[in-house]
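Here is a friendly briefing to read with the model open beside you. Take each topic in turn and find the residues as you go.

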Amino acid sequence: QNASGLPTVGGDDEDEEEDRKRQKEAQLEAEENAKWAHVAPRWQTRLYAAECVRRLLDVADHSAHYDLTLAREETERQGGSGERLVLHLGRLVSVAFTVATSRIEAMRPAGVLMLLDVVERFAAAPDPDYHGHLLLEQSHAQLGAALRPCFGPEADPSLTASGAALLARYLLAISTTSGGIQVDPAAIRKLLALLTKRLTPAALAAISYPALSDAAATMVRTTSLRAAAALQAAAAREPEARAELCKQMQPSLVDLRSCWMGLLRDHAALSIAGRAAKGYVPHLYVQGAATASREHLEHAAPLVFEAALSMVATPEWVAGR
């Protein structure tokens, strides 16, 4: 009713119409939000996020980030949920694994490199809940699953190169008995086989990427040989602590010796005058890609030289000669 006591005409209808409009707007907004809630970020966004995590691992240098005992004590004192990286190691590996096994090929090398950063940081972190074991062993299945596609016949060269570096670093972490760590021979054997099966003279010569430059094949050859050299050099430096790694490497050493010497000859040939002498037959590159291949050879040569030198005076050094 109005001030005169007469009923108000159309007032209720207008209020009801406004209510309906507001409800309709709220419904449309909720539908729009629900639609975007299930839209995955673009792969470039996810790649950027992975790079941010790598940067975080690079700058987080406090010891409590990589020591579970210290992180737990700190969390207990502060009464919080804990912000140290080691408390979220499982999530870090899970995120990196997801990127490394993405359906988008361009993302996979970034995921493998992220796993490499995680392994680098937590390589020596013991598991306080299981004496004689490393924290990284909890993620062994994911690391193995991420590594296998890196050495497949369809793998991109950058993925294989990143995978070789990750495999070597992870093997170095789990193959030492220093600090009372227990070594799993089966785990070492399976991972090492991924690398060494490609490191025979015939297998290296067969590596080819017709759709890419010849230097891509050289990159894969040299990074794989460098990874094997890192394992051999470490085994030679600590023969007692890495006795199992020495044992597992031994059957491949004759082939590796030939491949390492081929790499060193190529490096020497290109280092003399910037290009190989006329008539020289390269082992790991083709003449047309000499300039592009030189950087890969230079990066691998020092560690390969150390590995080859460690074999001198061993039976494998003279076998087959």
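A313 counts as exposed, at 76% relative accessibility; exposed means over 50% relative accessible area, buried under 20% and partly exposed in between, using a 1.4 Å probe and protein chains only. A313 sits in the loop between α13 (290-311) and α14 (315-318), where helices are DSSP runs of H or I with at least four residues, numbered from the N terminus. Its phi is positive, near 75°, in a residue other than glycine.

This is a predicted model, in which local features need pLDDT of at least 70 and side-chain atom pairs count only at pLDDT 80 or more, while totals for chains, interfaces and linings use all residues. Residues are numbered from 1 along each chain as its sequence is written, and side-chain values use heavy atoms, with hydrogens and water left out.

**Helix α3**
- L68, A71, E74 and T75 are the buried residues to look for in α3.
- They lie on the same side of α3, because they cover an arc of only 130° around the axis; the arc is that of the directions from the helix axis to the C-beta atoms.
- Turned away from that buried side is a face with the exposed residues E76 and R77.
- At the N-terminal end, D67 caps α3, with a side-chain oxygen 3.0 Å from the backbone nitrogen of T69.
- After α3 comes G79, with a positive phi near 70°.

**The aromatic pair**
- The whole structure has one aromatic pair, meaning rings of Phe, Tyr or Trp (its six-membered ring) with centres within 6.5 Å; planes under 30 degrees apart are stacked, over 60 edge-to-face and the rest tilted.
- Y66 and F122 make this pair edge-to-face, at 5.1 Å centre to centre and 65° between the planes.
- The two partners are 56 residues apart, with Y66 in the loop between α2 (43-59) and α3 (68-78) and F122 in helix α5 (residues 108-122).
- Both Y66 and F122 are buried.

**The nonpolar core**
- The largest nonpolar core has 88 residues, and F122, L195, L225, L231, W260 and L263 touch the most other members; such a core is a set of buried Ala, Val, Leu, Ile, Met, Phe, Trp, Tyr and Cys residues joined through side-chain atoms within 4.5 Å.
- Helix α10 (residues 214-237) gives this core its largest share, 12 residues.

**Cysteines**
- There are zero disulfides in the structure, a disulfide being a pair of cysteine sulfur atoms within 2.5 Å.
- The sulfur of C259 is too far for a bond, because the closest cysteine sulfur, in C246, is 19 Å away.
- C259 counts as buried at 5% relative accessibility, whereas C246 is partly exposed at 26%.

Technical notes
Helix = DSSP H or I, 4+ residues; strand = E, 2+ residues; numbered from the N terminus. Polar contact = N/O pair within 3.5 Å; in protein donor to acceptor, adjacent residues only side chain to side chain.
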